[in-house]
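I wanted to get my bearings in a protein I had not looked at before. Here are my notes, in the order I made them.

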Amino acid sequence: MSFLSNSRTSALLMQRSTLVSKKELERNDLMIRGNISALWQTRMLRFSKLTVVNEIENALSFYHMTFLEVIPELMQDLEFAINKQYSTELKKNYQLPNFLRMGSWIGGDRDGNPFVNATTLATAIDKQAITACGYYLKELDALRRELSISIRLVDASPELIALSENSTDQSPHRQDECYRLALSTIYARMLATSKQITVQEDLEADFDAKPYVQAEDLLHDLNIIADSLQQNHGQALIYPRLGKLIKAVDSFGFHLATIDIRQIGRAHV
């Protein structure tokens, strides 16, 4: 609560410089007063001990707030800078290989914590996969809305056309929007993948959609879209979201992070 109130207060203070009317400034004052009141009336310390599951969820909250967005952006910006600097020497678009792997011990560290066991390890693995898959589904859904390119106006690669033909979207209004159709195919497969590898009973996946066996298969399909855009005057459409999603899948896979497993010493005696 205190973190959210502090973030909102910072945003409201930044917003003040853009406000013009007296009414807007008064409304801004009231919002700031409300957030500060919430901070004053929020206790700083917990009165109950965190469980291992709480620790897992707290750690994963940082992926939502930072890692899933920032790491792919940094990787893409580095690749962009390399291509900009050495475009003449490289003679083609350089693909920066992934050199970053996230790791964690939460849920697998049994050294000194009697509440860490096989169940908590399974929970950590599942929650990490849910976090990664949920992020990919959110970004794929956004891309599906954004990439409205029509093949009546610009060409698409044969691979992209083939991928779009697997879509179950039969709307006559989108049959020339092959990128959207391809992304619908990828989204359906990603949804089936998430349902297969995580414990989420509320997910309603398309029964005809084939889950991805590994993250590299998802990367392959995303690169088909990127390559088609690259070849057909769509380079500017890669950077805003698709490029970062590709880097995210390359960095986090379906597992998000490796989990270090430590066992208390006397268990090996």
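**Entry 1: the whole thing**

I noted first that this is a predicted model. I then looked up the elements and found eight helices and two strands in the protein. Reading from the N terminus, I wrote the order down as α-α-α-β-α-α-α-α-α-β. For the extent, I got a C-alpha trace spanning about 70 × 60 × 45 Å along its principal axes. The protein has 269 residues, and 40% of them count as buried. I also checked how far along the chain the contacts reach. Among those between residues at least 6 apart in sequence, 69% join residues at least 24 apart.

**Entry 2: the core**

Which residues touch the most other members of the largest nonpolar core? I found Tyr136, Ile186, Leu218, Leu222, Ile225 and Phe252, in a core of 54 residues. I looked up where the core comes from, and α3 (52–90), α4 (118–146), α5 (158–164), α6 (178–197), α7 (215–231) and α8 (238–252) each give at least two residues. The largest share is from α4, with nine residues.

I picked Tyr136 to follow up. Setting aside neighbours within four places in sequence, I have Tyr136 in contact with Met190, Leu218, Leu245, Ala248, Val249, Phe252, Gly253 and Phe254.

**Entry 3: α4 against α8**

I turned to the helix pairs next. The axes of α4 and α8 cross at roughly 160° and come within 10 Å. Angles over 145 degrees count as roughly antiparallel, so α4 is roughly antiparallel to α8. I put the crossing down as left-handed. On the α4 side, the contact is made by Tyr135, Tyr136, Glu139, Leu140, Ala142, Leu143 and Glu146. On the α8 side I listed Arg241, Leu242, Leu245, Ala248, Val249 and Phe252. Sorted by kind, the residues of this contact are ten nonpolar, no polar and three charged.

**Entry 4: α7 against α8**

How far apart are the axes of α7 and α8, and at what angle do they pack? I got 9 Å and about 155°. That makes α7 roughly antiparallel to α8. The way α7 passes α8 is again something I looked up, and it is a left-handed crossing. From α7, I have Ala215, Leu218, Leu219, Leu222, Asn223, Ile225, Ala226, Leu229 and Gln230. They meet Ile238, Leu242, Leu245, Ile246, Val249 and Asp250 in α8. I sorted the residues of this contact too, and they come out as twelve nonpolar, two polar and one charged.

Is Thr9 buried or exposed? Its relative accessibility is 10%, so Thr9 counts as buried. Leaving out neighbours within four places in sequence, I found Thr9 in contact with Ile32, Asn35, Ile36 and Leu39.

I followed one of those, Ile36, which sits in helix α2 (residues 22–40). Ile36 has 29% relative accessibility, so I put it down as partly exposed. I also took a distance from Ile36 to Arg8, 28 residues away along the chain, and their C-alpha atoms are separated by 9.7 Å.

**Entry 5: two positive phi angles**

A reminder to myself: most residues other than glycine have a negative phi. His233 is not a glycine, yet its phi is positive at about 60°. I found His233 in the loop between α7 and α8. With a relative accessible area of 80%, His233 is exposed.

Leu256 is not a glycine either, and its phi is positive at about 75°. Leu256 lies in the loop between α8 and β2 (258–259). Is Leu256 buried or exposed? At 1% relative accessibility, I count Leu256 as buried.

**Entry 6: Ala209**

My last stop was Ala209, in the loop between α6 and α7. Its relative accessible area is 16%, and under 20% means buried, so Ala209 is buried. Beyond its neighbours within four places in sequence, Ala209 is in contact with Ala188, Arg189 and Ala192. I also looked up Ala209 against Pro97, 112 residues apart in sequence, and got 30 Å from C-alpha to C-alpha.

Notes. Residues numbered from 1 in each chain as written. Predicted model: local features only at pLDDT ≥ 70, side-chain atom pairs only at ≥ 80, totals over all residues. Heavy atoms only, no water. Core = buried A, V, L, I, M, F, W, Y, C linked by side-chain atoms within 4.5 Å. Buried < 20%, exposed > 50% of the residue type's maximum accessible area, 1.4 Å probe, protein only. Helix = DSSP H or I, 4+ residues; strand = E, 2+ residues; numbered from the N terminus. Contact = heavy atoms within 4.5 Å. Axes fitted to C-alpha atoms, helices over the stretch in contact; angles between N-to-C directions. Parallel < 35°, antiparallel > 145°, perpendicular 65-115°, else oblique. Left-handed = near helix turned anticlockwise from the far one by under 90°. Nonpolar A, V, L, I, M, F, W, Y, C, P; charged D, E, K, R; others polar.
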